[in-house]
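Work through the exercises below with the sequence and the model side by side. Each task is followed by a solution in steps.

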Amino acid sequence: MIRPVLAVLRTKKRNSAIARPMGDSSLALGTSVHKALGGGSVADVLLWRKWRGGAVMLVSATTMWYLFEVAGYNFLTFVANVLLLLIVILFLWAKSASLLNRPLPPIPNMEISERTIGIVADELQIWLNCVLSIAHDISIGRNLKVFLKVALSLWFVSFIGSLFNFLTLVYIGVILILSVPLVYEKYQPHIDEKLSVAHGVFQEQCRKLDETVLSKLPLPSNKEKKMQ
């Protein structure tokens, strides 16, 4: 009687040991998207873990798109009128508070710290150096592959811009930002599998293009580049 019971207990332990890594791996797959997005409040909003933030962002973008694209409001006039209304309300609130001994409007000190400016400057420096490096590879380094990538990217942006105006394009970008990470997190294994296959096909086509076309084009050697 004891041996069958021990055998059953061992089987349950093995099954639980097998099930735990699967649960851990699914949890890792679920949190990897969150970590890739920064793992903070922004990631929570984009993945709808803070659904109020996502809802506010979606409603705000939809309202702005409807006002300026469908209703035909002018952006500069709308912003000026909103700021004018806000300033009038705050001014009257402050005056009435001083006359009636009421508290002033709860407005914090609006200032930008030096730390914030340093962080923004560092990020801008990284992006600008990257852009300048690409421009250097195209113009001076004569990197044909980089030139083709940049040319195709700019053509694609120009093609998309001809289909939509800037405001509609921004609104579509907001919809994609709020939907693509959520769908990817939910179906990550299947999407990764398809993307892996597509990436392999793309790399194979790039290799064939490099062997048949790009490798046969006359390019200056390293000595010629140094002489220039």
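**Exercise 1.** Is R207 buried, partly exposed or exposed?

Solution. The model is predicted: local features need pLDDT of at least 70, side-chain atom pairs count only at pLDDT 80 or more, and totals for chains, interfaces and linings use all residues. Residues are numbered from 1 along each chain as its sequence is written, and side-chain values use heavy atoms, with hydrogens and water left out.

Step 1. Buried means under 20% relative accessible area, exposed over 50%, and partly exposed in between (1.4 Å probe, protein chains only).
Step 2. R207 has a relative accessible area of 37%, so R207 is partly exposed.
Step 3. R207 forms a salt bridge with E204 at 2.3 Å, N to O; the term means a side-chain nitrogen of Lys or Arg within 4 Å of a carboxyl oxygen of Asp or Glu.
Step 4. Both residues lie in helix 8 (residues 188-212), 3 residues apart, about one turn of the helix. Helices (H or I, at least four residues) and strands (E, at least two) are DSSP runs, numbered from the N terminus.

**Exercise 2.** Find the partner of R49 in a salt bridge, and state which parts of the chain the pair ties together.

Solution.
Step 1. The partner is E185, with the closest N and O atoms 2.7 Å apart.
Step 2. R49 is in the loop between helix 2 and helix 3 (51-70), while E185 is in helix 7, so the pair ties together parts 136 residues apart in sequence.
Step 3. E185 is buried at 18% relative accessible area, whereas R49 is partly exposed at 41%.

**Exercise 3.** Which residues make up the largest nonpolar core?

Solution.
Step 1. A nonpolar core is a set of buried Ala, Val, Leu, Ile, Met, Phe, Trp, Tyr and Cys residues joined through side-chain atoms within 4.5 Å.
Step 2. The largest one has 5 residues: L46, A61, Y171, V174 and L178. Helix 7 (residues 166-186) gives the most to this core, with 3 residues.
Step 3. Beyond its neighbours within four places in sequence, A61 is in contact (heavy atoms within 4.5 Å) with Y171 and V174.

**Exercise 4.** How many helices and strands does the protein chain have, and what percentage of its residues count as buried?

Solution.
Step 1. The protein chain has 9 helices and 0 strands.
Step 2. Of its 228 residues, 11% count as buried.
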